[in-house]
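Here is a short briefing on helix packing, surface and charge pairing. Look over the model before reading on.

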Amino acid sequence: MEQEAHYKWLIKQKCKASFELFCQQLVANNAFDLPYKIAAGKIRKQTVLQSVKTNNGQFTNTIEETIHTIVQALFPTDDSTQETHVKRKKRETVNTYSSTILDKQFTKQEITYAISTMRKKKAPGIDGIAIEIIKELHDMNPDILRYTYNKRLELGIFPETWKKGKIIIFNKPGKDPSLPNEYSPICLLSILGKILDKLLFFRITHLPHKNNRLHKQQHGFRNGRSCETANFRLWQAINLALQER
């Protein structure tokens, strides 16, 4: 554990030193370059949408057509006719699945933990309900959210309104703004939907952890593990191999 903690500390120190060197190189010829603009809040520019190329090579004529083309490029329609055989079988399995076994209801503790993992001051979705409001509601009357989420669990429904989000589009720096794929989207979804998503995620991931079904070398999508821990295990293996030569 001490070795791993020291390894993570070294990585952070190296990242800090590299960033400081990068900033020094930028301001060497111009003191008002990127670091100054970031510190002064002058780096962000408002995205101005213009005509973009459609699939047939033509340019859009209206703002509505431009938005539709960009969104379609970033979020393609789910087309079952383009699926492979494996994907088609998975879709059939999901669509035809049925079970008479009822899942255990979400507890107050599960909902409280899911809310605690949400970052404060996070932008809300279309409904405008912020995480601070939800936390206050749950603290005052936990039965409201417990009933809400357990009813959806019982019916097997994820509300369509919670799937709808507000999309904010940014130009990728230095990229051609006429190409729809050269935009970066941020999708603001309902916080209520995100909490339900976390409740389901925690339930699903608990099973392989509890039954020891995850490989010990899996570092992705696991709490407490990351690229840093994967690199550290590789570093350990290399050192051990060198010592045993």
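At what angle do the axes of helix H1 and helix H9 cross? They cross at roughly 115 degrees and come within 10 Å. This is a predicted model: local features need pLDDT of at least 70, side-chain atom pairs count only at pLDDT 80 or more, and totals for chains, interfaces and linings use all residues. Residues are numbered from 1 along each chain as its sequence is written, and side-chain values use heavy atoms, without hydrogens and water.

**Helix packing**
- H1 spans residues 2–27 and H9 residues 227–243; helices are DSSP runs (H or I, at least four residues) numbered from the N terminus.
- Axes are lines fitted to C-alpha atoms over the stretch in contact, with angles from 0 to 180 degrees between N-to-C directions.
- In H1, the residues in contact (heavy atoms within 4.5 Å) include Tyr7 and Ile11; in H9 they include Phe232 and Arg233.

**Salt bridges**
- The whole structure holds 10 salt bridges (Lys or Arg side-chain nitrogen within 4 Å of an Asp or Glu carboxyl oxygen).
- One joins Asp78 to Arg91 at 2.9 Å, N to O.
- Asp78 lies in the loop between H3 (63–74) and H4 (85–96), and Arg91 in H4, 13 residues apart.

Methods. Helix = DSSP H or I, 4+ residues; strand = E, 2+ residues; numbered from the N terminus.
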